[in-house]
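Reader: Before I use the labels attached to this model, I would like each one set against its cut-off.

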Amino acid sequence: MTTTPALPGLSIVRHPLVQHKLTILRDKSTPKKIFKELVDEIAMLMAYEATSDLALEPVPVDTPLERMTGQRVSGKKLTLVPILRAGLGMVEGILKLVPSARVGHIGLYRDHATLEPVDYYFKIPADAGERDFLLLDPMLATGGSAVAAINSLKKAGAVRIRFLCLVASPLGVARVHDAHPDVPILCAALDRELNERGYILPGLGDAGDRLFGTR
Ligand code: PRP
Ligand code: URA
């Protein structure tokens, strides 16, 4: 993982497998089925990095030969929170890595004219203050959706939140960090800019439409 001094709070996962898969994901000729599988796989690889500092506690275990002290992740179950719709594409891959994780949902869509987020659903597990949250969305463009989602999570009591996205824009990263400097951002790529319709360039297009085949 690397950081960018100009964009505090951001880490970029530069693992060769992540970068290879991301390139196929960007390709406009990649079919929906492969697109979905790649989002899943990249999310899993990114979650591996994002969870590298989860707290552990000692636990006794009986091997076939003797008793020893092993380690297990301590505390309440990790909670994944996809931002609907496109964030849903990241959930299954991470659940392969952390099958016991809980899953909350935040429903938000970006108004096409104003680019402002409109929220329509919110459900996360109880005891939010005691959980580690991974907020998931493939795209961080203007940052409006991520900022609104983090606002909602914090209002519900969440304090330990990380934001995982695949492609980020410099503006989106800066907006999230300005509003929520305590929330680390992990991405697979930091792209150049947004176009006049708020799409990331070079980007990968509309993640929700490519995942669900709605265009
Ligand atoms: C996309 C994307 C993010 C948001 C990013 O979702 O999945 O949630 O846009 O843009 P922002 O950083 O400018 O807020 P969209 O609103 O298109 O909804 P969808 O996932 O239902 O397609
Ligand atoms: N949402 C997307 O799905 N893609 C973008 O490039 C920007 C917002």
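Predicted model: local features only at pLDDT ≥ 70, side-chain atom pairs only at ≥ 80, totals over all residues.

Author: Residues are numbered from 1 along each chain as its sequence is written, chains are lettered from A and ligands numbered from 1 in the order in which they are written, and side-chain values use heavy atoms, with hydrogens and water left out.

Reader: Why is Asp 132 called partly exposed?

Author: Buried means under 20% relative accessible area and exposed means over 50%, with partly exposed in between (1.4 Å probe, protein chains only). Asp 132 has a relative accessible area of 22%, so the label is partly exposed. Asp 132 lies in strand β9; strands (E, at least two residues) and helices (H or I, at least four) are DSSP runs, numbered from the N terminus.

Reader: What makes the pair Asp 132 and Arg 160 a polar contact?

Author: A polar contact is a pair of N or O atoms within 3.5 Å; within protein, one must be able to donate a hydrogen and the other to accept it, and residues adjacent in sequence count only if both atoms are side-chain atoms. The side chains of Asp 132 and Arg 160 are joined at 2.9 Å, so the pair meets the limit of 3.5 Å. Not counting residues up to four places away in sequence, Asp 132 also touches Leu 54, Leu 78 and Thr 79, where contact means heavy atoms within 4.5 Å.

Reader: How do you know that the buried residues of α5 line one face of the helix?

Author: In α5 (residues 170–179), the buried residues are Gly 172, Val 173, Val 176 and His 177. Seen down the axis of α5, they fall within an arc of 125 degrees, so they line one face. The arc is that of the directions from the helix axis to the C-beta atoms. Among the elements they pack against are α4 (144–155) and β2 (10–12).

Reader: Which peptide bond ending at Arg 85 is cis?

Author: The bond from Leu 84 to Arg 85, with omega near 0 degrees. Arg 85 is in the loop between β5 (79–84) and α3 (91–97).
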